[in-house]
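Subject: Structure handover and notes

Hi,

Here is the structure I promised to pass on to you. Please have a look at it first, and then read on for my notes.

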Amino acid sequence: MMSQSLLNLWVLLRRGSGCHSKVKSRSTAMEEFQLTVHHEQLSNALSVVEAKPLHYFSNVPLSVAVVGEPGSGKSSFINSMLGKHADELGAAETGIQTMKAKGYPHPTLPRVILWDLPGREDSALGSCTSQVDLNRFDFFIIVGYQHFQTVHADLVREIGAMGKRFYFVRAKIDLDLEASRKQQPSGYDDEKVLQWIKEDCMMGLLKESVIDPQVFLLSNLAPRSLDFPLLLEKLQSDLLWLKRQAFVFGLPYFSAPILEKKKALMEGKIMLRALHLGFLGLQPVPGFSFVVAMFLFLKFRAECYRIFGLDNTALAVLARVTGKPVAVLQAAMASRALIPMILWGLLNLVGAIVMILEYGFLHCFPSMGCWVSGGSLVFTSYYMLHRCLRDVANDTQNVLSRALEDPLYKAKLYASVPPAPALQPEIPT
């Protein structure tokens, strides 16, 4: 039940549409998932996901971004993947510069969308791709048509920084073969030319510290020749692993409704706690309200940490699962800062000053000081507790995002990814 709830919640948030009956069933699944996570730590959710078999992720959407320099043949490559000619309905437009990202559902790979992105130029010249948030996408196919260049290295580094995977497609191989035939008509060898091109791409990727680079050579004249069958087979074999990664990396986003529900449950108790603190602040002891406010604030924060799964025990579990040090996870928590709360709590000392004046100069019971102290404690406590709750809810997403940034954890997601298939490429004639 837990696994099905997780999957239905992911589908609902990624698509955001569907018929009334589907929305109703997914809403029920979402409620079941929220109830489960409400009683468990988010760190346990990662372990639950990792324990699921790969077929569990078969219905997870996967957004594949096709990127590269302008004119590299990205749109033509997408049409090859779709099995369409440029003049067919639903095909990507070719021969013009892509200015806006556009998605194309793959006809046979379930829930896979190929995105045609604007061309990426040299980093020194700027790029239209910089206007596209690459974090939106789950997987990348870099398309190039020349030697491995700076633009390719930039893309490799950006994708690597996100912890995501990519294939490198060297397009327009037919142009290279034709040029080689003209330059060396007597000693021309298709196999040597293809090997040299692939080695050039491999060396460029290895210089960027890419482990097990996946390079595929494609021809524009014969789009389904050369390495195209290998590319399709590799993508099909990696598909479930890629979808699992997309699902795991999406945890911080679709956990938001669960956190909001927890937050709403606790917000209803804040006013009562503030009034209780205000009653304690009526004690005729100068500075007592400040000490009480700080003590009960720390107690409330510890309760929030326990409920949202950010206490020391939960962080230790999350650190063990993801391989991220606890100190690094704690560094992502804005709610751990105490100075803003202490400065705000100093307003409670106004009542203490009034009490001292009444005791020392008026020689009477500090009734005015008690009311000032109690009243200020109600308002300051209400603000402090609301801010604490808001920060803890945000920190839960921040900590989960920081945990998923760990390279070792990302590598673990691909620990069992099968190697690329070894097929003999068909050379276009």
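Predicted model: local features only at pLDDT ≥ 70, side-chain atom pairs only at ≥ 80, totals over all residues.

Residues are numbered from 1 along each chain as its sequence is written, and side-chain values use heavy atoms, with hydrogens and water left out.

**Helix pairs**

Two packed helices are described by the angle between their axes and the distance between the axes. Axes here are lines fitted to C-alpha atoms, for helices over the stretch in contact, with angles running from 0 to 180 degrees between N-to-C directions. Helices (H or I, at least four residues) and strands (E, at least two) are DSSP runs, numbered from the N terminus.

Let me begin with helix α6 (residues 173-183) and helix α7 (residues 190-207), whose axes come within 10 Å and cross at roughly 125°. The two are therefore oblique to each other (under 35 degrees counts as roughly parallel, over 145 as roughly antiparallel, 65 to 115 as roughly perpendicular, and the rest as oblique). Their crossing is right-handed, that is, the near helix is turned clockwise from the far one by less than a right angle. On the α6 side, Ile173, Asp176, Leu177, Ser180 and Arg181 meet Asp190, Val193, Leu194 and Ile197 of α7, where contact means heavy atoms within 4.5 Å. By class, this contact has 5 nonpolar, 1 polar and 3 charged residues (Ala, Val, Leu, Ile, Met, Phe, Trp, Tyr, Cys and Pro count as nonpolar, Asp, Glu, Lys and Arg as charged, and the others, Gly among them, as polar).

The other pair is helix α4 (residues 74-82) with α8, where the axes come within 12 Å and cross at roughly 70°. These helices are therefore roughly perpendicular to each other, and α4 passes α8 in a right-handed crossing. Phe77, Ser80 and Met81 of α4 meet Phe228, Leu231, Leu232 and Leu235 of α8. That contact contains 6 nonpolar residues, 1 polar and no charged ones.

**Salt bridges**

How many salt bridges are there in the whole structure? The search finds 11, a salt bridge being a side-chain nitrogen of Lys or Arg within 4 Å of a carboxyl oxygen of Asp or Glu.

One of them joins Arg157 to Asp154, with the closest N and O atoms 2.6 Å apart. Both residues lie in helix α5 (residues 150-161), 3 residues apart, about one turn of the helix. Arg157 is partly exposed, at 43% relative accessible area, whereas Asp154 is buried at 9% (buried is under 20%, exposed over 50%, partly exposed in between, with a 1.4 Å probe and protein chains only). Asp154 and Arg157 also belong to a salt-bridge network with Glu208.

In helix α8 (residues 228-249), Lys234 and Asp238 sit 4 residues apart, about one turn of the helix. Their salt bridge has its closest N and O atoms 3.3 Å apart, and both Lys234 and Asp238 are buried.

Asp391 and Arg390 form a salt bridge too, at 3.4 Å from N to O. Asp391 is buried at 13% relative accessibility, while Arg390 is partly exposed at 40%.

**A glycine in a loop**

Finally, Gly163 lies in the loop between α5 and β5 (166-170) and is buried, at 13% relative accessibility. Gly163 and Asp138 are 25 residues apart in sequence, and their C-alpha atoms are 9.9 Å apart in space.

Best wishes
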